[in-house]
Amino acid sequence: MAATTPLRGVKAAIIDLDGTMLDTVLDIHAAINMMRADLDLEPMPVAQIRDMIGKGSDKLVRDVLAIDYDAAGVELRFQAAFDAYQRHYETINGDHSTHYPDVAEGLQTLQDDGLRLACVTNKPIGLARPLLELKGLSRYFDVIYGGDSLEKKKPHPMPLLQVCKDFALAPQQVVAIGDSSNDAQAARAAGCPVLTVPYGYNHGESIHETDSDGIVDTLLHAAKLIRLHNAK
Ligand SMILES: O=C(O)COP(=O)(O)O
Ligand SMILES: [Mg+2]
């Protein structure tokens, strides 16, 4: 683990949701295929959907439609397909999702060490909030932003900078932890240190290709690393 000095003086953490705290691909897969069934389209395999996750629901729905339709066809169907995706997702939200190892333990350790926690996800807030609640994770977060909470979503730095403002901290004091280049790019643009986990969805690319301040096996590992760098 190299170049970890950026973690010194960290007082808050911004945690990503899909692919970092919860393995949600099977929920997303189910909702996408319900939407596709409405359009009389064949179901898609999980692996194909997995690599499309990360840039928010609108981009996902557009990319899925683009498999079967040209650009004009996608635009024609987008709004109805997006609404159907959201509606179907709400009916199964969390049913097929599981915690990654040591998620609650990691969040608890960060909190015990005095860090304030925010969740910044590209998932729509209307899905993210109930999912975090259902999975017993809401209580760790002072702030939760979804992909539609603010004008811009990751990889734009806006949601991360908003958290820094909410917490009255400088970006260097707020570490972002996520599973994808989206999270890392947002953090770099905001000036936040960033740690990545290797087990999530990174658009089919290895996390080793992503510029970060370190790769951690779990959120508990991240918490311990942050503790180590903040030890007096
Ligand atoms: O919904 C997405 O596209 C990804 O969500 P995430 O930002 O929590 O990984
Ligand atoms: Mg993610």
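Q: Helices (H or I, at least four residues) and strands (E, at least two) are DSSP runs, numbered from the N terminus; between which two such elements does Pro155 lie?
A: In this predicted model, Pro155 lies in the loop that runs between strand E5 (143–145) and helix H7 (158–166). The peptide bond leading from Lys154 to Pro155 is cis, its omega being near 15°.

Q: What confidence does the predictor assign to the protein?
A: The mean pLDDT is 95, on a scale from 0 to 100. Of the residues, 98% reach 70 or more. For the complex, the predictor gives an ipTM of 0.97 and a pTM of 0.95.

Q: Into which domains is the protein divided?
A: There are domain 1 (5–23 + 98–230) and domain 2 (25–92). On the side of domain 1 that touches domain 2, three residues are nonpolar, seven polar and four charged. The contact involves 14 residues of domain 1 and 11 residues of domain 2. Taken over C-alpha atoms, the domain centres are separated by 26 Å.

Q: Why is ligand 1 said to lie between domain 1 and domain 2?
A: The shell around ligand 1 receives residues from domain 1 (5–23 + 98–230) and also from domain 2 (25–92), so ligand 1 lies between them. Among the residues around ligand 1 are Asp16, Asp18, Ile53, Lys55, Thr121 and Lys154. By class, the shell comprises two nonpolar, five polar and five charged residues.

Q: Why is Ile177 called buried?
A: There are 26 other C-beta atoms within 10 Å of Ile177, and the definition asks for 20 or more, so Ile177 is buried. Ile177 belongs to strand E6 (residues 174–178).

Q: Which residues of helix H3 are buried?
A: Within H3 (residues 57–66), the buried residues are Ser57, Leu60, Val61, Arg62, Val64 and Leu65. Helix H1 (25–38) and helix H4 (71–92) are included in what covers them.

Q: Why does Tyr100 count as partly exposed?
A: Partly exposed residues fall between the limit of 12 or fewer neighbours for exposed and 20 or more for buried. Tyr100 has 18 C-beta neighbours inside 10 Å, and therefore counts as partly exposed. The place of Tyr100 is the loop between strand E3 (98–99) and helix H5 (103–112). Apart from neighbours within four places in sequence, Tyr100 is in contact with Met21, Asp23, Tyr199 and Thr218.

Q: What is the phi of Asp102?
A: Asp102 has a positive phi of about 60° although this residue is not a glycine. Asp102 lies in the loop between E3 and H5. Its 17 C-beta neighbours inside 10 Å lie between the two limits, so Asp102 counts as partly exposed.

Q: Why does Ala168 count as exposed?
A: Exposed residues have 12 or fewer such neighbours; Ala168 has 10 inside 10 Å, and so counts as exposed. Ala168 is found in the loop between H7 and E6. The phi of Ala168 is near 55°, a positive value in a residue other than glycine.

Key: Residues numbered from 1 in each chain as written. Chains lettered and ligands numbered in written order. Predicted model: local features only at pLDDT ≥ 70, side-chain atom pairs only at ≥ 80, totals over all residues. Near = placed C-beta within 6 Å. Nonpolar A, V, L, I, M, F, W, Y, C, P; charged D, E, K, R; others polar. Domains from an automatic or database assignment. Contact = placed C-beta atoms within 7 Å.
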